[in-house]
Amino acid sequence: MVKICCIGAGYVGGPTMAVIALKCPSIKVVVVDISVSRINAWNSETLPIYEPGLEEVVKQCRGNNLFFSTDVEKHVREADIVFVSVNTPTKTQGLGAGKAADLTYWESAARMIADVSVSDKVVVEKSTVPVKTAEAIEKILTHNSKGINFQILSNPEFLAEGTAIKDLFNPDRVLIGGRETPGGQKAVQALKEVYAQWVPEDRILTTNLWSAELSKLAANAFLAQRISSVNAMSALCEATGANVTQVSHAVGKDTRIGPKFLNASVGFGGSCFQKDILNLVYICECNGLHEVANYWKQVIKINDYQKNRFVNRVVSSMFNTVSGKKIAILGFAFKKDTGDTRETPAIDVCKGLVGDKALLSIYDPQVTEDQIKRDLAMRKFDWDHPAHLQPKSPTASKDVAVCWDAYEATKDAHAICILTEWEEFKTLDYKRIFDGMSKPAFVFDGRNVVDADKLREIGFIVYSIGKPLDPWLKDMPAMA
């Protein structure tokens, strides 16, 4: 029986291993993590992450050929294939601070693998890592190998949160990068055989190590670039009276461009886009490619500009002050169908509004109060370190309240900011909400989910990103 062990029971490791266990009943899969609370949650009725379809998969396999354990060393020692899916945060200090990936957790995992192994192993990079990480990891393993043969593979994940299980069941492609040596190719083949149990052969791509590592960064950079492109257009649309939804629809009809990732919004979020682009920028700079680095930096600059523009629009529309005004924030996760708040644009929008002394009332169907308060108290990049190294829950902020439904959040509010495109926000009783709000009542739709004309009929002043401006807003220009 082939034994797989995955170090790291997070958003990548948990779902990926659950699906491997489901699709490969003859393989024993163990997910290990040093966090006792996280492993306990994976073994409980309430999983530590929300992902549609995940619970069913886990419950079907758990205890049969899928296990979750804190005994990291035992299961690494016994495994034939070890997936490493640990955090690779952006460095906050030292060389490359603010851009380079911090490989502290990766390196300690590699040293531990070398220490405990008593048989040959295939070690698979599953975290998003900078190009050439495999080389560094290989050096650590071979210098500490005690005669054991380690083969390093890069197998980047291309999951989208909210559809991760669907993506795993039916991936666009599975990418496996390995050394172009007999041993490297044999390792590639071993991993290929695992995926081939449910993924068609033509979707399993094999490359050299560096190509696999760079493909992940490149894919995320291209996706983020599309979002920044349409968001840049949204600012121009507002200035000229064009409608960004119509423009992006027309552009997306071109089969060379296609319609995906062309929705204007308050900005992109998630654990990978910004981190991977910063990483790409750093690698370019290290290789003397400054023009290339500056090109990719601009994708992040436009994203930051879009979030600032949204906050400025809110403040300028409301008589240039939100001081002491209650503002309802609908949605805190970085996108719908996930509870993930990493790098969510809501954090910067909320901080911007609180900086102007607004009183926030936040509602998100999947994000806990503790998580929201932690996110708003955290420094940039802190979220990407293991939970026990993150700041403890902050003392309650009097500027921020977290509510359990949209109606409570909006009661007596002066304005509503929609920051996540949850389906339920499309069907709220906005007449009831309007009646309970201070007047004039504003809706700032950062995801273009509501029918602005209907809301205007009720009496709202509505701002939708990239749409022709309400007459009220034209008289109150947003300061840059």
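1. Let's start with a charged pair. E421 and R447 make a salt bridge, and their closest N and O atoms sit 3.7 Å apart. This pair links distant parts of the chain: E421 is in the loop between β12 (415-418) and α16, while R447 is in the loop between β13 and α17, 26 residues away. R447 counts as buried because its relative accessibility is 14%, and the cut-off for buried is under 20%. Keep in mind as you look around that this is a predicted model.

2. How many salt bridges does a search of the whole structure find? The count is 25. As background, side chains of opposite charge can pair when their charged atoms come close.

3. Now look at E285 and K99, another salt bridge, with 3.2 Å between the closest N and O atoms. E285 belongs to helix α11 (residues 273-286) and K99 to the loop between β4 (81-84) and α5 (104-116), so this pair ties together parts that are 186 residues apart in sequence. K99 is partly exposed, with a relative accessible area of 23%.

4. E369 forms a salt bridge with K373, and here the closest N and O atoms are 3.1 Å apart.

5. Leaving charges aside, find the nonpolar patch on the surface. V247, V251 and I257 form it, and together they have about 190 Å² of accessible area. V247 is in helix α10 (residues 244-252). With a relative accessible area of 32%, V247 is partly exposed.

6. Have a look at the backbone too. Which peptide bond is cis, with omega near -5°? That's the bond from K439 to P440. You'll find P440 in the loop between α16 (430-435) and β13 (442-445).

7. N320 has a phi near 65°, a positive value in a residue other than glycine, and its place is the loop between α12 (290-317) and β9 (326-330). N448 isn't a glycine either, yet its phi is positive, at about 50°. Look for N448 in the loop between β13 and α17 (452-458).

Notes. Residues numbered from 1 in each chain as written. Predicted model: local features only at pLDDT ≥ 70, side-chain atom pairs only at ≥ 80, totals over all residues. Heavy atoms only, no water. Patch = residues over 30% accessible without salt bridge, like charges linked within 9 Å, V, L, I, M, F, W, Y side chains within 5 Å. Areas by Shrake-Rupley, 256 points an atom, 1.4 Å probe, with all protein chains shown as cover. Salt bridge = Lys/Arg side-chain N within 4 Å of Asp/Glu carboxyl O. Helix = DSSP H or I, 4+ residues; strand = E, 2+ residues; numbered from the N terminus. Buried < 20%, exposed > 50% of the residue type's maximum accessible area, 1.4 Å probe, protein only.
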